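Good morning, and thank you for making the time.

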Amino acid sequence: MKIYRDLAILLLFFSGIWVLSSLYFSGNDSENLKVLNKHQREQLASYLDDQFKEGKTVYYNPVVDSAVMIILDRLHHETPDSLAYKITLLESEEVNAFATLEGRIYVYTGLIKKCESPEMLAAVLAHEMGHIKKEHLIERLTNEIGFTLLLSVLTGGDPVMISELGKTAVSMHFNREQEREADDFGRALLIKNNIDPIRFAQFMMIMKREHGNHNSFAFINTHPEMEERILTTTNFKKPDQFKEDLFKMNWERVKEAINSQI
Amino acid sequence: MTDTVLPQPSEIPYKEKEKALAAYLMMFATAALGLPFPLLNLVASVIYYYFIKESSRFVRFHSLQSLISQIPISILNGILVIWTIRIFLKFEVLGDFNEIYWGYLISLVLFNIIYIVFSLIAAFKAYNGRMYYFMFFGRIAYKEAFEKDFDAKKPSVVNKPPSQ
């Protein structure tokens, strides 16, 4: 009937325009991501480094530092890539961790205190490495402020604009899709390194349990949809031959070191 | 069902042409008042249709065509408003300025422009006593206005002489 033909034409027209426009915008963005060169990425990473450290104290403790390096080495060893990961510990009771770009991860000491085992910290780091590998920060920045403006700020060098860019980046949260991608990456990385991905679910359970406590709120606030993600991680099917290889370190000693210094 | 006889422009009184024109212009008059929520224009069209639908088939057709064609446009515009609010309130689901959002925005702007153009054409045609059919909506409005039994509103007898 002609009436249904007309309806089909209208629906096809609108959805066709929508799809074409969306493809146009997605094509532009993915091309733009490749255009941000190594120097610009380093520059952005450096600006963000200043922002993250602003008002915070970088934490140094040989016991905690070596424990974190052992965990990082193991995660990086089995899946080497050209990226040199750098973890900066920041003194704060806040329970949170952030990944930016060029391998930089920032971990608050509050988060390390909440980890009941090195495997749990490894799971958190694996998740953050996922954000870096998938370039989620640049994706978010491009979506928030547009690629042209991002490039303009980086090449222009205006300190006020750069500072504002840094503040924008620090205040951004990754979206649900990005968190899911980082979870998938993290689980795969943990499996490759003989660490049970359930450790990440255990960590999120601790955070959920302590929700309402001011310290834990930050992690929950920046990592939403926790119930769904705990469920996904819990139901994740490990390979048949999988056997967890626990870190051989005294984690209690690490926690004592952190508690005594702060 | 009565036989379908379409009135010709010369047979349509001036007042009916004005009413038919107003059916399309109503949208423009009220759309700005209702921003950012695209609802007021729809409400105005419904009320207008309710009051003039029994004027004549010609008026009924144009006001119905204007009304029902506004429904999907208003819904699509409403979705855009809600989506934009969700982004500004940083909701997790549909909380991003991503390519799907921009594509939807662009296509909706285009759709609205096309709709306005065709509405203006229809308004002009109605003012000249002409029938003008929107794709899909025109057929529904025609069916409702010309293929259903319709009696123009006869004045009811309320005034009577005093009882003897």
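I shall now describe what is computed from this model, part by part.

The model is a predicted one, in which local features need pLDDT of at least 70 and side-chain atom pairs count only at pLDDT 80 or more, while totals for chains, interfaces and linings use all residues. Residues are numbered from 1 along each chain as its sequence is written, chains are lettered from A and ligands numbered from 1 in the order in which they are written, and side-chain values use heavy atoms, with hydrogens and water left out.

Let me begin with chain A. It has 13 helices and four strands; helices here are DSSP runs of H or I with at least four residues, strands are runs of E with at least two, and both are numbered from the N terminus. Of the 262 residues in chain A, 47% count as buried. Buried means under 20% relative accessible area, exposed means over 50%, and partly exposed lies in between, using a 1.4 Å probe and protein chains only. Among the contacts in chain A with a separation of 6 or more, 75% come from residues 24 or more positions apart, a contact being heavy atoms within 4.5 Å.

I turn next to the interior. In soluble globular proteins, nonpolar side chains tend to be buried together. A nonpolar core, as used here, is a set of buried Ala, Val, Leu, Ile, Met, Phe, Trp, Tyr and Cys residues joined through side-chain atoms within 4.5 Å. The largest such core has 43 residues, and those with the most contacts inside it are A:Val64, A:Leu75, A:Val107, A:Leu111, A:Ile112 and A:Leu121. Helix α5 of chain A, residues 118–133, gives this core its largest share, nine residues. Apart from this core lies another, of 36 residues, including B:Leu67 and B:Tyr101. What surrounds A:Val107, leaving aside its neighbours within four places in sequence? Its contacts include A:Ile87, A:Leu89, A:Leu90, A:Ile112 and A:Leu125.

Is A:Thr233 buried or exposed? It counts as buried because its relative accessibility is 2%. Its side chain reaches the backbone oxygen of A:Arg229 at 2.9 Å. Beyond the neighbours within four places in sequence, A:Thr233 is in contact with residues including A:Arg187, A:Pro197 and A:Phe200.

We come now to the interface. Here 23 residues of chain A are in contact with 24 residues of chain B. The area buried between the two chains is about 2200 Å², and carbon and sulfur atoms give 70% of it; buried area is the accessible area (1.4 Å probe) that two parts lose on being put together, summed over both. In chain A, the residues that lose the most area to chain B are A:Ile3, A:Phe14 and A:Trp18, together 27% of what that side buries.

The count between chain A and chain B is one salt bridge, meaning a side-chain nitrogen of Lys or Arg within 4 Å of a carboxyl oxygen of Asp or Glu. A:Asp6 forms this kind of pair with B:Arg139, the closest N and O atoms being 2.8 Å apart.

Finally, the charged pairs. Over all chains, the count comes to 14 salt bridges. A:Asp6 also pairs with A:Arg5, with the closest N and O atoms 3.0 Å apart. A:Asp6 is buried, because its relative accessible area is 4%, whereas A:Arg5 counts as partly exposed at 44% relative accessibility. B:Arg139 is partly exposed as well, with a relative accessible area of 34%.

Within chain A, A:Asp184 forms a salt bridge with A:Arg187, the closest N and O atoms being 2.5 Å apart. Both residues lie in helix α9 (residues 176–192), three residues apart, about one turn of the helix. A:Asp184 counts as partly exposed at 40% relative accessibility, and A:Arg187 as buried at 6%. Lastly, A:Glu42, A:Asp49, A:Lys53 and A:Arg104 are linked in a network of salt bridges.

Thank you for your attention.

Conventions
A polar contact is a pair of N or O atoms within 3.5 Å; within protein, one must be able to donate a hydrogen and the other to accept it, and residues adjacent in sequence count only if both atoms are side-chain atoms.
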